[in-house]
Amino acid sequence: MTRVDFDSMVRQALETNNYEPLIESVPYAKLIGMQCLRLGDEMVFRLPQNQDNIGNPMLPAIHGGVIAGFMEHSAMLHLLMFMGAPHLPKIIDFSIDYLRAGHYRDTFAACQVWRQGRRVANVAITAWQTHQAEPIATARCHFKIDQA
């Protein structure tokens, strides 16, 4: 297994505003089709409308596991890009509240780091589709960020 140099990948992504190589290095993020959009100093993650992500074809709605995975990976990539983590943070726990159906359309997520210590970071994630003020889900995630 080759070791990915995330530090240089992040630096290059931030300089060129091209996050595709970084996302390609995270298999699940690549599988669900995640994208990153830089808006000034803010990062918004995008999960494009994709037939493979549907869990309920009757509505149709995005599978809840895909929404949770998207939010978890958004938080992980946010830490990697903005908090100087030298490697992919490892998940400790994840708690999600589903607030509305995730309909078959583009979904967005934004992250906020509530606390980052030397070993652990706490991140809040909000996912929405039409208006950020009307989230489809919110989540809280703890990551182990030290290498030990």
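Q: Which residues is phenylalanine 70 in contact with, leaving aside its neighbours within four places in sequence?
A: Phenylalanine 70 is in contact with Tyr28, Ile32, Met34, Phe45, Arg46, Leu47, Thr107, Phe108 and Ala109, where contact means heavy atoms within 4.5 Å. This is a predicted model, in which local features need pLDDT of at least 70 and side-chain atom pairs count only at pLDDT 80 or more, while totals for chains, interfaces and linings use all residues. Residues are numbered from 1 along each chain as its sequence is written, and side-chain values use heavy atoms, with hydrogens and water left out.

Q: Why does phenylalanine 70 count as buried?
A: Buried means under 20% relative accessible area, exposed over 50%, and partly exposed in between (1.4 Å probe, protein chains only). Phenylalanine 70 has 0% relative accessibility, so the residue counts as buried.

Q: How do you know that the length of H4 agrees with what its residues should span?
A: The expected span of a helix is 1.5 Å times one less than its number of residues. For the 19 residues of H4 that gives 27 Å, and the end C-alpha atoms are 27 Å apart, so the two agree.

Q: What makes H4 mostly covered?
A: Of the 19 residues in H4, 15 are buried.

Q: What makes a set of residues a nonpolar core, and which members touch the most others in the largest one?
A: A nonpolar core is a set of buried Ala, Val, Leu, Ile, Met, Phe, Trp, Tyr and Cys residues joined through side-chain atoms within 4.5 Å. The largest nonpolar core here has 37 residues, and Phe45, Leu77, Met81 and Ile125 touch the most other members. Elements that each supply at least two residues of this core include helix H1 (6–16), strand E2 (42–47) and strand E7 (120–128). H4 gives the most to this core, with 10 residues.

Q: Which residues is methionine 81 in contact with, beyond its neighbours within four places in sequence?
A: Methionine 81 is in contact with Val10, Leu14, Tyr19, Leu22, Cys36, Met43 and Phe45.

Q: Why is alanine 127 called buried?
A: Alanine 127 has a relative accessible area of 0%, so it falls under the cut-off and is buried. Alanine 127 lies in strand E7 and touches Met71, Thr107, Phe108, Ala109, Pro135, Ile136 and Ala137, not counting residues up to four places away in sequence.

Q: Why is leucine 99 called partly exposed?
A: The relative accessible area of leucine 99 is 46%, which places it in the in-between class, so it is partly exposed. Leucine 99 lies in the loop between strand E5 (90–98) and E6. Pro135, Ile136, Ala137 and Thr138 are touched by leucine 99, not counting residues up to four places away in sequence. Leucine 99 and proline 135 are 6.8 Å apart, C-alpha to C-alpha, and 36 residues apart in sequence.

Q: What kind of peptide bond joins leucine 59 and proline 60?
A: That bond is cis, with omega about -20°. Proline 60 lies in the loop between strand E3 (54–56) and strand E4 (61–62).

Q: What makes a space a cavity rather than a pocket?
A: On a 1 Å grid over the protein atoms alone, a cavity is a set of points where a 1.4 Å probe fits but cannot get out, whereas a pocket is an open set with protein on both sides within 12 Å along at least five of seven lines; lining residues have an atom within 4 Å of a point. By this rule there is 1 cavity of 30 Å³ or more, and the largest cavity holds about 40 Å³ of space. Grid points are joined across faces, edges and corners, and a volume is the space filled by probe spheres set on the points. Among the residues lining the largest cavity are Leu47, Pro48, Tyr104 and Arg105.

Conventions: Helices (H or I, at least four residues) and strands (E, at least two) are DSSP runs, numbered from the N terminus.
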